[in-house]
Amino acid sequence: MSDGIKKFMFVNTKAPYGTVYALESLEVVLISAAFDQDVSLVFCDDGVFQIMDKQNTEASGMKNFSNAYKALGDYDINKLYVEKESLEERGLTLDSLMDLTYEDEDDDWAEKPSINLVSRAELADLMDQQDVVISS
Amino acid sequence: MATITVEGKEVEVDEEGYLVNLSDWFPEVATEMAKIDEVEMGDDHWDIINFLREYYEEYQIAPAVRVLTKAVAKKLGKEKGNSKYLYELFPYGPGKQACKFAGLPKPTGCV
């Protein structure tokens, strides 16, 4: 693109706790928002657990940072793709996930869902359209 | 490790003056940090600091200045939710300085 805006896709494939990948990726995503790029996020494989509703990390002694995903809308990051097959393989549905929304500036700040359910094949097409794909 | 003394209590801060332990915060910590930065705290400053603490409580992150501005506009009105107003209150940057006074870490996404 000529206006300097690139399409960045961050692909999250790991469970939120146990490794630092999920938290680090989220930090990079929030920082990338400062550069006015076209940012989208993917949650597939165990990455779908990152945005599960009602997380409780007490037993693990880890900080529960899941509410930070709810701030993504404030950062104008509102394209979150969840892979359908990954959910199904883990016995999850969209109802198992947090209610992540954004306010649409062009539609009188109406609250809209940020999560899009996509199939593995659709995801492959989306990845094909990106300038940069970063996975963790 | 550096410390600042607030009401006779030693409070640990990092090399940039941010609290090391978020739980060490109490309102006088903000007042003392402001004194060090030569900022006179008024009700308008407290509005922003309280707002930031609530935001952190809810989302577990310190918002970037762009996000803070937008959120303040929504909650406290447009005349407060603009960067000119916020920079007047916190000359070293509403994100960085206000988060510091509020006892939060450096904002995520502030570069």
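Start by selecting chain B. With its 111 residues, a compact globule would have a radius of gyration near 13 Å, and chain B has 13 Å, so the two agree.

Before going on, some housekeeping. This is a predicted model, where local features need pLDDT of at least 70, side-chain atom pairs count only at pLDDT 80 or more, and totals for chains, interfaces and linings use all residues. Residues are numbered from 1 along each chain as its sequence is written, while chains are lettered from A and ligands numbered from 1 in the order in which they are written.

Now switch to cartoon view. Chain B has five helices and two strands, and from the N terminus on they run β-β-α-α-α-α-α. (Helices are DSSP runs of H or I with at least four residues, strands are runs of E with at least two, and numbering starts at the N terminus.)

Next, select residues 83-89, which form helix H4 of chain B, and pick out Leu86(B) there. Is Leu86(B) buried or exposed? Leu86(B) has 21 other C-beta atoms within 10 Å, so it counts as buried; the cut-offs are 20 or more for buried, 12 or fewer for exposed and partly exposed in between, with C-beta atoms placed from the backbone. Across chain B, buried residues make up 32% of the 111.

Finally, show Ile48(B), Thr69(B) and Pro94(B): leaving aside neighbours within four places in sequence, these are in contact with Leu86(B). (Contact means that C-beta atoms, placed from the backbone, lie within 7 Å.)

Methods
The radius of gyration is taken over C-alpha atoms; the globule rule is 2.2 Å times the number of residues to the power 0.38. Two residues are in contact if their C-beta atoms, placed from the backbone, lie within 7 Å.
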